[in-house]
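Welcome! Please take a look at the structure below before reading on.

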Amino acid sequence: MTRVMIVDDHPMWREGVARDLGSRGYDVCATASDVAGAVKIAVATRPDVVVMDLQLGDGSGVDATREITAALPDTRVLVLSASAEQSDVLAAVKNGASGYLVKSASLDEFDDAVRRTAEGDAVFSAGLAGLLLGEYRRLGAGPEVPKLTERETEVLRLVARGLTARQIATRLVLSHRTVENHVQNTLRKLQLHNRAELVRYAIENGIDAPE
């Protein structure tokens with residue numbers, strides 16, 4: 001069972017999210033309302049996923065995300081925020097968030113996002129991944145990309161857009177195992193550890209996927 005911690009400074013929202021996740025089979029192991037409490041409780045409970053709001057009582061969820069991911073490399077943070085502002089999404093990803101979902105998402109979308117985050121995928125609300133890629137491309141951020149094969153680059157682009165391995169396999173007419181092999185080869189070449197880091201790398205280097 002996936003262990004989830006919820007960080008939000010609004011008690012009714014926090015309790016509602018906990019109730020919704022519990023009804024979907026998640027173990028809501030902890031909650032917090034501020035940065036200090038979130039970091040302290042996360043370190044003590046070591047959840048698989050932290051669902052993080054950005055606006056907290058004593059600061060920003062970005063700060064909490066940075067401290068939690070630094071202290072707990074295996075814990076993934078999924079931001080759940082009312083804001084879809086580019087600056088907020090960019091800051092969250094740069095400070096360790098594995099994904100970003102707006103609060104207007106449906107319960108099914110939220111459930112899917114938490115599950116995929118726990119599995120190591122990077123999950124974004126529709127349009128947000130492309131927004132990030134466009135911003136990094138505009139800024140010209142990031143070092144040159146190490147040498148990847150054409151197919152590895154193609155798979156990386158689709159991973160950065162939030163597609164699952166099975167969706168990529170369908171789109172590229174490959175087997176699921178072949179896609180996973182390309183992902184693992186790319187992780188090894190780039191010296192990264194999981195799909196969330198892979199997506200951040202792609203974003204930072206302006207690797208996008210044309211329609």
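Here is a short briefing, arranged by topic.

This is a predicted model, in which local features need pLDDT of at least 70 and side-chain atom pairs count only at pLDDT 80 or more, while totals for chains, interfaces and linings use all residues. Residues are numbered from 1 along each chain as its sequence is written, and side-chain values use heavy atoms, with hydrogens and water left out.

**The protein as a whole**

- The protein holds 10 helices and seven strands; helices (H or I, at least four residues) and strands (E, at least two) are DSSP runs, numbered from the N terminus.
- Of the 211 residues in the protein, 49% are buried. Here, buried means under 20% relative accessible area, exposed means over 50%, and partly exposed is in between (1.4 Å probe, protein chains only).
- The accessible surface of the protein is about 10,200 Å², and carbon and sulfur atoms account for 48% of that surface. Accessible areas come from the Shrake-Rupley method with a 1.4 Å probe; for residues, only the protein chains shown count as cover.
- Taking contacts between residues at least 6 apart in sequence, 67% join residues at least 24 apart. A contact means heavy atoms within 4.5 Å.

**The sheet**

- Five strands make up an open sheet with parallel pairing, in the order β2-β1-β3-β6-β7. At its edges are β2 and β7 (99-102), each of which pairs on one side only. From one strand to the next, the twist averages 20°.
- Two strands count as paired if DSSP finds at least two bridges between them. In general, strands of a sheet pair through backbone hydrogen bonds, either parallel or antiparallel.
- Strand β1 (residues 3-7) is mostly covered, with four of its five residues buried.
- β1 runs parallel to strand β2 (residues 27-32), and five bridges join the two.
- Strand β6 (residues 76-81) and β7 run parallel, joined by four bridges. Ser81 has Val102 in β7 opposite it.

**Helices around the sheet**

- A right-handed β-α-β unit is made by β1, helix α1 (residues 11-23) and β2. Right-handed means that, with the strands pointing away from the viewer, the path from the first strand over the helix to the second runs clockwise.
- Helix α5 (residues 107-119) lies across β1, β3, β6 and β7, and runs at about 160° to β6. For such angles, axes are lines fitted to C-alpha atoms, for helices over the stretch in contact, and angles run from 0 to 180 degrees between N-to-C directions.

**The annotated residue, Asp53**

- An unreviewed UniProt entry carries the annotation "modified residue: 4-aspartylphosphate", which covers Asp53. UniProt positions are given in the numbering used here, feature names are shortened, and annotations may be inferred rather than shown by experiment.
- Asp53 sits in the loop between β3 (49-52) and β4 (55-56). Asp53 is buried, with a relative accessible area of 5%.
- Leaving out residues up to four places away in sequence, Asp53 touches Val7, Asp8, Asp9, Gly61, Leu80, Ser81 and Lys103.

- Thr65 belongs to helix α3 (residues 61-71) and is buried, with a relative accessible area of 1%. Not counting residues up to four places away in sequence, Thr65 touches Met52, Val77, Ala92, Asn95, Gly96 and Ala97.
- Thr178 lies in helix α9 and is partly exposed, at 29% relative accessible area. Thr178 and Ala165 are 13 residues apart in sequence, with 9.4 Å between their C-alpha atoms.

**Two residues with a positive phi**

- Most residues other than glycine have a negative phi.
- Arg46, although not a glycine, has a positive phi of about 50°. Arg46 is in the loop between α2 (35-45) and β3 and is exposed, with a relative accessible area of 54%.
- Val173 is not a glycine either, yet has a positive phi of about 55°. Val173 is found in the loop between α8 (165-172) and α9 (176-190), and counts as exposed at 73% relative accessibility.
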